[in-house]
Amino acid sequence: MHARVVAVTAVAALGIVAVLLSPSSDARAGSSIAPTVIAHRGASAYAPENTLASIDKAAQLGFTWVENDVQRTKDGELVVIHDDSLKRTTNVEQVFPGRAPWKVKDFTAAEIARLDAGSWYSPAYTGTRVPTLTQYMRRIEHNHEKLLLEVKNPELYPGMEQQILKLLGNEGWLDRSHLGRLIVQSFSADSIRTVHELKPAVTTALLGSPKVAQLRQYTHFTDLINPSYSSLSRDYVAAVHAFKGPHGKRLKVFAWTVNDAADARKASGYGVDGIITNKPDVVRAALGSG
């Protein structure tokens with residue numbers, strides 16, 4: 001009860017007038033429920049990020065939720081990779097030395113399929129490939145996992161939202177049984193708004209830390225606000241929790257990227273609903289959660 005009073009007082013301290021912002025009242029403050037642990041780019045501390053190996057590792061460690069990043073090739077294939085360049089996480093410089101700066105959008109899917117996306121991380125993963133989104137979704141389904149999918153750099157790939165949703169639909173991920181296992185997020189509010197308008201039933205998340213006074217404008221099309229842990233505070237989490245999203249439920253907060261026990265406990269103390277981490281086992285141990 002005391003924690004709930006503190007959270008409400010904290011929101012008031014932000015100078016937010018209830019009548020002005022019309023927030024909902026079902027905040028999570030004081031909840032004893034441990035945050036959901038999401039394996040960032042798979043269990044990326046233990047296997048090369050955004051690969052099938054990384055989501056397999058997350059499953060082996062006992063984690064259901066994984067996060068990934070989606071970009072598009074020159075010939076229109078959706079692939080799972082974080083950077084808009086292939087340089088950091090593949091051997092593209094050796095395979096295609098004359099094609100700097102090695103942007104994903106400048107290579108075909110067949111060319112990217114030739115690249116080694118594992119040896120940069122460890123010789124044990126030599127030969128690991130950049131997965132297509134289709135391959136990735138099928139492995140997620142095989143592993144019975146849930147997905148926090150990031151629409152990456154949508155300004156580089158016009159129509160990307162429609163294409164992702166079409167692929168998800170083709171793979172059976174837009175039916176009722178799968179919608180509870182899927183969240184689509186982006187740093188681009190326009191991209192998330194587009195996803196919501198095209199498929200209102202899909203749960204969406206806005207990455208970043210919009211100002212508290214601006215939160216209401218996002219409630220029409222986003223269900224979560226996912227800030228960097230470094231920008232987080234108890235007051236901010238309480239302010240987000242004071243609003244309801246487009247599905248009539250309280251906005252949630254997933255914080256990223258938390259990789260040590262002390263920060264995990266601190267984020268949990270702020271009242272976050274989820275923690276995105278490269279080391280899900282460390283966070284789980286810190287929180288005593290499953």
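1. What share of the contacts in the protein with a separation of 6 or more comes from residues 24 or more positions apart? The figure is 61%. The model discussed here is a predicted one, and the points below go from the whole chain to single residues.

2. Overall make-up. The protein has 13 helices and nine strands. It counts 290 residues, and 51% of them are buried. The accessible surface of the protein is about 12,600 Å², and carbon and sulfur atoms hold 52% of that surface.

3. Salt bridges in general. Side chains of opposite charge can pair when their charged atoms come close. For this model the count is 14 salt bridges. The next points take up some of them.

4. R41 and D69. These two residues form a salt bridge, with 3.9 Å between the closest N and O atoms. The cut-off for such a pair is 4 Å, so the distance lies within it. R41 sits in the loop between β1 (36–39) and α3 (52–60), while D69 belongs to strand β2 (residues 65–72). The two are 28 residues apart, and the pair links distant parts of the chain. Both R41 and D69 are buried.

5. K152 and D69. D69 also takes part in a salt bridge with K152, where the closest N and O atoms are 3.8 Å apart. K152 lies in the loop between β4 (146–151) and α7 (160–170), and D69 lies in strand β2. Here the separation is 83 residues, and this pair too links distant parts of the chain. Are the two partners buried or exposed? K152 counts as buried because its relative accessibility is 10%, and the limit for that word is under 20%. D69 has a relative accessible area of 0%, so D69 is buried.

6. R181 and E141. The side chains of R181 and E141 meet in a salt bridge with an N to O distance of 3.3 Å. R181 is in the loop between α8 (176–179) and β5 (182–186), and E141 is in helix α6 (residues 133–143). They are 40 residues apart and link distant parts of the chain. R181 has 15% relative accessibility and therefore counts as buried. E141 has 33% and therefore counts as partly exposed.

7. Packing of two helices. Two packed helices are described by the angle between their axes and the distance between the axes. For helix α12 (residues 261–270) and helix α13 (residues 280–287), the angle is about 60 degrees and the axes are 9 Å apart. That angle is why α12 is called oblique to α13. Their crossing is right-handed. On the α12 side the residues that meet the partner are A261, A264, R265 and S268, and on the α13 side they are V282, V283, A286 and L287. An α-helix has 3.6 residues a turn, so residues three or four places apart point the same way.

8. Helix α11. Six of the eight residues of helix α11 (residues 234–241) are buried, so this helix is largely enclosed by the rest of the structure. The buried residues are Y236, V237, A238, A239, V240 and H241.

9. Cis peptide bonds. A100 and P101 are joined by a cis peptide bond with omega at about 10 degrees. P101 is in the loop between α4 (92–95) and α5 (109–113). Another cis peptide bond joins W256 and T257, with omega at about -20 degrees. T257 is in the loop between β8 (252–255) and α12.

10. Positive phi values. N50 is a residue other than glycine with a positive phi, near 60 degrees. N50 lies in the loop between β1 and α3. H144, also a residue other than glycine, has a positive phi near 60 degrees and is found in the loop between α6 and β4. Which of the words buried or exposed applies to N50, and which to H144? N50 has a relative accessible area of 3%, so N50 is buried. H144 has a relative accessible area of 63%, so H144 is exposed.

Conventions. Residues numbered from 1 in each chain as written. Predicted model: local features only at pLDDT ≥ 70, side-chain atom pairs only at ≥ 80, totals over all residues. Heavy atoms only, no water. Helix = DSSP H or I, 4+ residues; strand = E, 2+ residues; numbered from the N terminus. Buried < 20%, exposed > 50% of the residue type's maximum accessible area, 1.4 Å probe, protein only. Contact = heavy atoms within 4.5 Å. Areas by Shrake-Rupley, 256 points an atom, 1.4 Å probe, with all protein chains shown as cover. Axes fitted to C-alpha atoms, helices over the stretch in contact; angles between N-to-C directions. Parallel < 35°, antiparallel > 145°, perpendicular 65-115°, else oblique. Left-handed = near helix turned anticlockwise from the far one by under 90°.
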